[in-house]
Amino acid sequence: MRIGITNLKGGVGKTTISINLAVCFAHMGYRVCIVDTDTNQSSLKWYGARDESLPEVLAIGATDAKALNKAVDKLHKDHDIIIIDGTPSLSETTIPQIEICNKHKPNPQACKEQKAAGSSFWQLERHYPQKK
Ligand SMILES: Nc1ncnc2c1ncn2[C@@H]1O[C@H](COP(=O)(O)OP(=O)(O)OP(=O)(O)O)[C@@H](O)[C@H]1O
Ligand SMILES: [Mg+2]
């Protein structure tokens, strides 16, 4: 399973959600990995400080699209759950992150509402045009 945590705003809890989900799944016995796409490396720093005696959660960094796709392909074999911690902007990894995790495309109505509200989320419409 692949879970992407993304929001175009900074400091809204993406990393907090990512690491808490990872720890919960690890305690349930799943093999979990976090892929940190943010250059602030918050998940990686958390991983570095985590006690090794706790249920294992791996974390690796991938801050460009190629590295992200490569990491997920490689991790897929040995991990039940891959959690991708997103960036606080529409970055190079945002669209790949959504594509990796979603079987379904973003809701066009949600994009429209975000656009009306002045959010840069509307840019996703270019990648996910509405079906006629
Ligand atoms: N549900 C919550 N309630 C209160 N505080 C929270 C909650 N989730 C996260 N925080 C706090 O908000 C701050 C930012 O959280 P976090 O680093 O997870 O956000 P982020 O979206 O990953 O930020 P960034 O975009 O900078 O990577 C942290 O100090 C965290 O402890
Ligand atoms: Mg973060």
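**Reading helix contacts, the sheet and the ligand shell**

Me: Which residues in α3 meet α4?

Reply: Two residues are in contact if their C-beta atoms, placed from the backbone, lie within 7 Å. Here Ala65, Leu68, Asn69 and Val72 in α3 meet Pro96, Gln97 and Ile100 in α4. The residues of this α3 and α4 contact divide into 5 nonpolar, 2 polar and no charged (Ala, Val, Leu, Ile, Met, Phe, Trp, Tyr, Cys and Pro count as nonpolar, Asp, Glu, Lys and Arg as charged, the others, Gly among them, as polar). Helices (H or I, at least four residues) and strands (E, at least two) are DSSP runs, numbered from the N terminus.

This is a predicted model: local features need pLDDT of at least 70, side-chain atom pairs count only at pLDDT 80 or more, and totals for chains, interfaces and linings use all residues. Residues are numbered from 1 along each chain as its sequence is written, while chains are lettered from A and ligands numbered from 1 in the order in which they are written.

Me: At what angle do the axes of α3 and α4 cross?

Reply: Axes are lines fitted to C-alpha atoms, for helices over the stretch in contact, and angles run from 0 to 180 degrees between N-to-C directions. The axes of α3 (residues 65-75) and α4 (residues 94-101) cross at roughly 20 degrees and come within 9 Å. α3 and α4 are therefore roughly parallel to each other (under 35 degrees; over 145 is roughly antiparallel, 65 to 115 roughly perpendicular, the rest oblique).

Me: What about α1 and α2?

Reply: Their axes come within 10 Å and cross at roughly 40 degrees, which makes α1 oblique to α2. Thr15, Ser18 and Ile19 of α1 make the contact with Ser42, Ser43 and Trp46 of α2.

Me: In what order do the strands of the sheet run?

Reply: Strands of a sheet pair through backbone hydrogen bonds, either parallel or antiparallel. This open sheet of 4 strands has the order β1-β4-β2-β3, with parallel pairing (strands pair if DSSP finds at least two bridges between them). β1 (2-5) and β3 (57-61) stand at the edges with a single partner strand each, so one side of each has no neighbour in the sheet. β2 (residues 32-36) and β4 (residues 81-85) pair over 5 bridges, and Val35 has Ile84 in β4 as its bridge partner. α1 lies across β1, β2, β3 and β4, at about 165 degrees to β4.

Me: Which residues are around ligand 1?

Reply: A residue is near a molecule or strand if its C-beta atom, placed from the backbone, lies within 6 Å of it. Around ligand 1 are Gly10, Gly11, Val12, Gly13, Lys14, Thr15, Thr16, Asp38, Asn40, Ser42 and Pro88. Helix α1 (residues 14-27) gives the largest share of this shell, 3 residues. By class, the shell has 2 nonpolar, 7 polar and 2 charged residues.
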